[in-house]
Amino acid sequence: MRILDLSMNVLSGAFPTSEHGYPAIEVVNVSFNQFKGPHPVFPGATNLMVLDISSNAFSGGINTTALCVAPVKALRFSGNEFTGEIRAGFGRCKMLTELSVDGSGLTGKLPKDLYTISELRRLSLRENQFSGSLGKDLGNLSQLMHIDLSYNMFSGVIPDVFGGLRRLEFLNLATNFLTGTLPASLSSCAMLRVINLRNNSLSGKIAIDFSLLPRLNVLDAGINKLSGPIPRDLMWCTKLRTLNLGRNLLDGEIPESFKHLRSLLILSLAQNGFTNLSSALRVLQHLPKLTSLVLTRSFRGGQTMPMDSISGFKSLQVLVLANCALSGMIQPWLENSKNLRVLDISWNKLSGPIPPWLGNLNNLFYIDLSNNSLSGELPESFTQMKSLISSAYSSEHASIEDLPLFIKKNPSGNGLQYNCVGSFPPSLILSNNLLAGPVSPGFGHLVKLHVLNLSRNNFSGRIPDELSNMSSLEVLNLAHNDLTGFIPSSLTKLTFLSKFDVSYNNLTGDIPTGGQFSTFTKESFVGNAALCFSQNGPCFGKATFEETENDVTDTVSTMPAMTYITAEAGFAFGLLTVCNILFFARAWRAAYFVAVDRFFDMLYVIIRVEVNKLRRKWENKEHP
């Protein structure tokens, strides 16, 4: 037997081997099973070339000494439960071309004899806990085409030894503790297609000569400490599809030469110190294939929303211009971005009304306009968005290439990460603006919407009963508005609703019971003085505020006893005129004091709620 393939089954237990077994075997593939115990070795298999035991539960250490008896060429050990370090011994595998041990729990430093395998073409050790520095002996592996050491704990500088790795196509050192500058010798690797150095502590200028890297498809150096301008010679990388330089210390303007990157699909320059957003958009609009543009906190100069000489982005699906200190109005060039699916222009200083055409973009299913100064009524077109009525216009579209996107609720929060556009929850986030008017019953048509956040505005009127038709709704936030009337009992039909907030309005009546409403806390309803938990139950007047004093920072504290004394003293003269009646009529006397208490309780609550509203709106005017 020369080939044994048992892959992709549910086989378990220890793998049976013997000292003299399988003498003619050349290929063993037992991947994607449930084998346990020490990994198999075949000491009698002098012709073994491929051993694939990946995606099992083999444990213990890796027996490097026993693996290299035969002229083995490929060892695939990824996805197991190994422990400890890789011991020396791989240097005996003189014919080894592939070593893959991803995600297997290994620790310690790499053995030095690993750098002596002259025929090695693929080295993949990602998602372990390897540490130490990368030695200069890495340059001895002249046949290497693929290096993936990402998601480990390597530290120190990246050795500048890539001049000898002329066949290198893929380099991934992301998410380690690497420091120093980018190795200039990467310019010598003319075959490079992917450079991923994301999430390290690299610093200095980008000193790579990109004119020598014509095959480069992906450059990801995000989340580092790189400084200086973007190199102009990036224009020669005409096959570049993904460029991520976000979360660095880069400055200057976006080079005019960027318009030559005709293959670019994804561009993230978030959280840098660039200038002249208008010039940047005028350049980037010439990229015919650009689908994702993320510029969060990239331009902090307090510019007006660009409008001149910008015709729009024909292929753009994701546009993030959050927290760029932009003022002015939402500009009409966005209307030409017919393929737009995600729009985030939150945490700016935009003003004026929301244009009706924004709701007519058929593919748009995620809109975040929060924390601006937008005013007027919400356009009726927002209740007729096709992408939120039928999934055929949104999630079924082909997803763009992988690039982690971060959505933050506030500048200091950790935020949420979405690895592709299709994983974004369909959302309308319009909180912290100056929007007014009623909440439209037409929202009930948006059966695909997951998040509706209209909090901290000036919406008034009743909560429409039609909102109960939003069958996919998970978050409904109407807090801090001027809504009146009852909470519709039909909202209990929203079976996916996990967060509901109508606090600090002027709602009355009983809080609905049943369904998801049994899971919501008092904080969801606080600040509505006439809102009660059930018939004859406690209301959000004096009692509720006393109970939640220590739990909710916005609740009104218990009224001091002196408030009652002072208030009643003002009515002392009037009370004297009816004192005889009150003294002799016990029922009248009791009713009078109860009425006085309730009146001043409600007056106090209303005043404090309005003060809190004004204070919160004032605090939310400025953000870092």
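Between which two strands does the loop that holds arginine 247 lie? Arginine 247 sits in the loop between β21 (242-244) and β22 (249-252).

## Basis of the model

This is a predicted model, in which local features need pLDDT of at least 70 and side-chain atom pairs count only at pLDDT 80 or more, while totals for chains, interfaces and linings use all residues. Residues are numbered from 1 along each chain as its sequence is written, and side-chain values use heavy atoms, with hydrogens and water left out.

## Overall make-up

The chain contains seven helices and 42 strands. Helices (H or I, at least four residues) and strands (E, at least two) are DSSP runs, numbered from the N terminus. Of the 624 residues, 51% count as buried. Buried means under 20% relative accessible area, exposed over 50%, and partly exposed in between (1.4 Å probe, protein chains only).

Contact means heavy atoms within 4.5 Å. Among the contacts in the chain with a separation of 6 or more, 52% come from residues 24 or more positions apart.

## The largest nonpolar core

A nonpolar core is a set of buried Ala, Val, Leu, Ile, Met, Phe, Trp, Tyr and Cys residues joined through side-chain atoms within 4.5 Å. The largest one has 163 residues, and those with the most contacts inside it are Phe90, Phe258, Leu293, Leu428, Phe443, Phe500 and Phe525. Its largest share, five residues, is supplied by helix α2 (residues 277-284). At least three residues come from each of domain 1 (1-126) and domain 2 (479-532); the domain bounds come from an automatic or database domain assignment.

Not counting residues up to four places away in sequence, Phe258 touches Ile230, Leu234, Leu243, Leu267, Val283, Leu284 and Leu287.

## Helix α2

Seven of the eight residues of α2 are buried, so this helix is largely enclosed by the rest of the structure. The buried residues are Leu277, Ser278, Ser279, Ala280, Leu281, Val283 and Leu284. What covers them includes β23 (266-268) and β25 (292-294).

## Cavities

A cavity is a set of points, on a 1 Å grid over the protein atoms alone, where a 1.4 Å probe fits but cannot get out; lining residues have an atom within 4 Å of a point. Grid points are joined across faces, edges and corners, and a volume is the space filled by probe spheres set on the points. A search of the whole structure finds five cavities of 30 Å³ or more.

The second largest cavity holds about 70 Å³ of space. Its lining includes Val41, Phe42, Ala45, Leu48 and Leu51, as well as Ala66, Leu67, Cys68 and Val69. By class, this lining has 12 nonpolar, no polar and no charged residues. Here Ala, Val, Leu, Ile, Met, Phe, Trp, Tyr, Cys and Pro count as nonpolar, Asp, Glu, Lys and Arg as charged, and the others, Gly among them, as polar.

## The start of the chain

Methionine 1 lies in the segment before β1 (3-5) and is exposed, with a relative accessible area of 58%. Leaving aside neighbours within four places in sequence, methionine 1 is in contact with Tyr22, Ala24 and Ile25. The C-alpha atoms of methionine 1 and isoleucine 25 are separated by 5.7 Å, although these residues are 24 apart along the chain.

Most residues other than glycine have a negative phi. Arginine 247 has a positive phi of about 60 degrees and is partly exposed, at a relative accessible area of 33%.

Arginine 297 also has a positive phi, near 55 degrees. This residue is found in the loop between β25 and β26 (318-320), and its relative accessibility of 26% makes it partly exposed.

Key: On a 1 Å grid over the protein atoms alone, a cavity is a set of points where a 1.4 Å probe fits but cannot get out, and a pocket is an open set with protein on both sides within 12 Å along at least five of seven lines; lining residues have an atom within 4 Å of a point.
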